[in-house]
Amino acid sequence: MDNRVGVVGIIVTDREKQAERVNEILGEFGELIVGRMGIPYRERNVSVIALIVDGSTDELGALTGKLGSIPGVKVKSALVSSS
């Protein structure tokens, strides 16, 4: 299966309750993450995380699915073929 390269955007609206679970999942899928930037946007009371990822569609779907199942967490991704 071909790998995909892309960007995953994560918005955490309940940072105090969900940050630990989000970080657990990111650690679980760490081999897919090429780069990560996280910004606490205090004026809006949210945290924004941007990931650069490289993996199969199944792996990336599992990552985004787990993240998206957390209450107070929104996930969007954009992927392209790496070949």
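A residue is buried under 20% relative accessible area, exposed over 50%, and partly exposed in between (1.4 Å probe, protein chains only). This is a predicted model, where local features need pLDDT of at least 70, side-chain atom pairs count only at pLDDT 80 or more, and totals for chains, interfaces and linings use all residues. Residues are numbered from 1 along each chain as its sequence is written, and side-chain values use heavy atoms, with hydrogens and water left out.

**Salt bridges**

A salt bridge puts a side-chain nitrogen of Lys or Arg within 4 Å of a carboxyl oxygen of Asp or Glu. The count comes to two.

| Pair | N to O distance |
|---|---|
| Arg21 and Glu24 | 3.0 Å |
| Lys66 and Glu28 | 2.6 Å |

Lys66 sits in helix α2 (residues 57-68) and Glu28 in helix α1, so this pair links distant parts of the chain, 38 residues apart. Helices here are DSSP runs (H or I, at least four residues), and strands are runs of E (at least two), numbered from the N terminus. Arg21 and Glu24 are three residues apart in helix α1, which means about one helical turn separates them. Partly exposed residues include Glu28, with a relative accessible area of 42%, and Lys66, at 33%.

**Nonpolar patch**

Ile11, Met37, Ile39, Tyr41 and Val48 make a nonpolar surface patch of about 410 Å². Patch residues have over 30% relative accessible area and no salt bridge; like charges are joined within 9 Å, nonpolar side chains (Val, Leu, Ile, Met, Phe, Trp, Tyr) within 5 Å. Areas come from the Shrake-Rupley method with a 1.4 Å probe; for residues, only the protein chains shown count as cover. Strand β2 (residues 33-41) gives the most to this patch, with three residues. Met37 is found in strand β2.
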